[in-house]
Amino acid sequence: MKNTKVNLIHFLSALSISSLLLTVSALTDSTDVEAINLLKTTFPLLGLLSTGDPCLPSPYLWVKCSFHFTPRVTALNLHDSLLITDRTLPLPDFSAMDALEIIDLSDNVLQQEFPDFLANFPKLKVLNLANNFLFGTVPTSLRDKSKANTLKLTLTGIGMTKLCFSDGDSCGTKTGTGTGTGTGTGTPGTGSGSSPGINTGSSPKPTESRNKTLPIALGVGIPVFVIFWAIVDVLAIDHQKRKAAMAAAAAQGQTNEISGLAMPVDVDTEQQMHPTVKAT
């Protein structure tokens with residue numbers, strides 16, 4: 001019995017040491033750690049509230065990891081993050097995290113030129129940058145992946161109208177850029193497609209035209225409608241008054257006629273009208 005207890009203790013000790021060694025050797029991939037540190041340096045609150053290894057023993061609240069022998073960061077979720085305090089600071093290049101599948105930086109009111117490095121993630125499936133204030137050129141490779149349905153690209157928002165798909169340094173001379181509402185596919189520059197969140201053509205989308213003209217139509221139509229029915233009410237009241245007056249006048253005339261027929265006649269007048277009538 002004593003030997004059994006000793007063997008059990010030795011086994012548990014060996015298991016603990018093995019688990020410790022496995023944990024030490026299974027630290028998050030060093031390239032991911034370096035890229036995470038870039039974000040933490042740029043936005044200090046990220047570093048203040050996120051210490052230790054990004055994935056172990058449990059991931060940061062704003063990342064997701066794959067739990068292989070060497071964990072990799074697979075998702076970066078900084079949607080509407082209060083940890084990003086300075087919205088004008090350019091995003092650091094964290095493309096070393098080449099295992100990322102999801103990047104969500106939406107609703108952060110980021111004010112900067114579109115970061116070209118966001119096109120450098122080979123496994124990226126979701127890129128959500130909605131409701132920021134980005135401007136400049138978007139690499140065409142992102143559009144191509146979106147058209148091929150290998151990437152869900154979201155670039156919507158009122159502050160995202162100064163973007164265009166181009167591999168150059170600027171959007172050229174095109175004007176009238178507008179923000180779309182979806183992540184479908186289309187041909188930029190024609191104004192007739194539904195490019196991934198961006199319409200770079202010079203003519204607005206039909207839905208946008210309807211959205212703009214609807215308030216105008218309502219603003220004009222409602223007062224006209226009210227005035228029309230007010231006029232109808234006035235005419236109806238006037239008509240009723242006239243009808244009542246005519247009815248009253250007709251009734252008065254009929255009364256006078258009846259009164260005239262019923263007037264008393266003296267004897268002399270009656271004898272003149274009817275000579276056979278004798279006076280008594």
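This is a predicted model: local features need pLDDT of at least 70, side-chain atom pairs count only at pLDDT 80 or more; totals for chains, interfaces and linings use all residues.
1. Strand 1 and strand 2 run antiparallel and are joined by four bridges. In this pair, Val 63 stands opposite Leu 76 of strand 2.

2. The largest nonpolar core contains 40 residues. Those with the most contacts inside it are Trp 62, Phe 94, Ile 103, Phe 114, Leu 118, Leu 127 and Leu 129. Two or more residues each come from helix 2 (30-42), strand 1 (63-66), strand 2 (72-77), strand 6 (133-138) and strand 8 (162-165). Helix 2 gives the most, with three residues.

3. Leaving aside residues up to four places away in sequence, Phe 114 touches Leu 129, Leu 134, Phe 135, Thr 137, Val 138, Pro 139, Leu 142, Leu 155 and Leu 163.

4. Finally, confidence. The chain averages a pLDDT of 73, and 54% of the residues score at least 70. Residues 15-25 have a pLDDT below 50. That stretch has three contacts in the model beyond near neighbours in sequence. Over residues 276-280 the pLDDT also stays under 50. There the model has five contacts beyond four places in sequence.

Terms used: Residues are numbered from 1 along each chain as its sequence is written. Side-chain values use heavy atoms; hydrogens and water are left out. A nonpolar core is a set of buried Ala, Val, Leu, Ile, Met, Phe, Trp, Tyr and Cys residues joined through side-chain atoms within 4.5 Å. Buried means under 20% relative accessible area, exposed over 50%, partly exposed in between (1.4 Å probe, protein chains only). Contact means heavy atoms within 4.5 Å. pLDDT is the predictor's confidence in each residue, from 0 to 100. Two strands pair if DSSP finds at least two bridges between them.
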